[in-house]
Amino acid sequence: MKPKKKVEKIVFQSEKDVPLMPMSLGSMLYNKTGSWRNIRPEIDLAGCIQCGICWKFCPDISIEIENEFPVVNYDYCKGCGICAEECPTKCIAMVEERK
Amino acid sequence: MKKVIMGNHALSWGAQLGRAQVIAAYPITPQTQVVELLSEMCANKTLDAKFIKVESEHSAMAACIAASIAGARTFTATSSQGLTLMHELLHWASGGRNPVVMGNINRAMAPGWSIWTDQNDSLSQRDTGWIQFYCSSNQEVVDTVIQAFRVSEAVMIPSMVILDAFALSHTYEVVDIPDQEKVDAFLPPFNPPIRLTPTAPHAFGGLTSPEHYFELRYKLQKDMEKVPDLVEQTGREYEKMFGRYLGQVEDYRCEDAELIFVTSGTAGYTARVGVDQLRQEGVKAGNLRIKMFRPFPFAKVREILTKAGKVAVVDRNISYGHHGVFYQEVKSALYGRDHNVPLFGYITGLGGRDITPEIYKEIAQLTLAKDKPEEDITWIGVKR
Ligand code: SF4
Ligand code: SF4
């Protein structure tokens, strides 16, 4: 995985500094929702044909393509299993989180 | 240029003169002609807008919100069941500070299935954070749409321009269509402070923790509170250029009135006829027509009504288990004032039953006969 940008959590002290529109302020960089998961996808790259279907279907944008192969970003993957279901070679296994 | 047009087409003309850039709308009786003419205007290129066909009103508003976030001036129109289907997205547009302008034709809510007018559709959107204007003539519709774009974009809050089903939507009147050049001078292109753009990408409307949500709502209310003054200023500027003043309320012969009707929409226009007839009979009547319902024109209402002998609020709507909505609002505006003017609440004209000058005479008789109201709702015209 590429190293992630480090950010400080933004907390405004005054309403004057809060933007008019509710918009992203990098909050998802520290709000790591992957901890909600209780099963995780594990990709056996030996069976992968690099079709990119898992990348396209992941509703959480948690599959990235690195060096032409899919990599799961466990910081945000919720363990929904859609990637495993859609993978044409069935090389993604959903396994129990160990703790 | 003077033209004889229907109320629905007055909305379309307002959107064209305001140079709306994106229109996403779904047809519904009695609003359909608004969308028909707008699609023709787009096809004929008299209006350079992207017309997005959608499968529901919910989607129409979603498309408008997205276009508005991208920085486009956006218009839509709906009515009744369509408006209430949008309900979730109405909150989204105001909370997201997207200054969409929408026409709504007041049509009674089903069941019983109705296509005729009353105000329960738009008044049940009261707390969604939209500015609401109620119109009583086709001229006012055109003028209001143009000014609504300016007011909405100045405070980044969406506006609803509201007219009665059939009584206005399908009624033909002479309308002075403002010159495009002058409208362009009055209404410069939309240039929002924040927008969705690839050069500064952002996600809009995402998770907002308790650390900031409260402040977003505080800011929305504070900006809403700026609207009454803004509507006055914008109205004066418009008056200088076009000779017609809009404002928050219309005060008709209220100065010396012993009885003031509080009205809205086309019933507020008929009220003027009622007032004139009553005055001929020696009753000093006046009419305060509320044009802007949200934000509520507290200062104007207090200024005019505290001088009245009696006030009769005429509601073409009802908040079940409470009273007429305008009655509640006027009451809350007057509560705690030194002058305790007796306030009478009347409900009439639901589901498109006509509100005639005779009804105003009946209301005047009932109001003048009592020192104080004995009930919060007096029903006018129920078959009993
Ligand atoms: S399990 Fe779901 S969330 Fe996780 S990578 Fe697969 S598709 Fe994405
Ligand atoms: S869907 Fe399966 S085969 Fe296709 S890229 Fe993803 S892991 Fe590889």
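**Exercise 1.** State how the lining of the largest pocket divides into nonpolar, polar and charged residues.

*Solution.* Start with the classes: Ala, Val, Leu, Ile, Met, Phe, Trp, Tyr, Cys and Pro count as nonpolar, Asp, Glu, Lys and Arg as charged, and the others, Gly among them, as polar. Sorted this way, the lining has 14 nonpolar, 8 polar and 4 charged residues.

This is a predicted model, in which local features need pLDDT of at least 70 and side-chain atom pairs pLDDT 80 or more, while totals for chains, interfaces and linings use all residues. Residues are numbered from 1 along each chain, chains are lettered from A and ligands numbered from 1 in written order, and side-chain values use heavy atoms, without hydrogens and water.

**Exercise 2.** Which helix gives the most to the lining of the largest pocket?

*Solution.* A helix here is a DSSP run (H or I, at least four residues), numbered from the N terminus. Helix α1 (residues 27-30) of chain A gives the most, with 4 residues.

**Exercise 3.** Describe the lining of the second largest pocket by class and by helix.

*Solution.* By class, this lining has 8 nonpolar, 8 polar and 9 charged residues. By helix, α9(B) supplies the largest share, 4 residues.

**Exercise 4.** Why does the second largest pocket lie between domain 1 and domain 2 of chain B?

*Solution.* Take the bounds first: they come from an automatic or database domain assignment, and they are 2-241 for domain 1 and 249-379 for domain 2. Both domains give residues to the lining, so the pocket lies between them.

Notes:
Helices (H or I, at least four residues) and strands (E, at least two) are DSSP runs, numbered from the N terminus.
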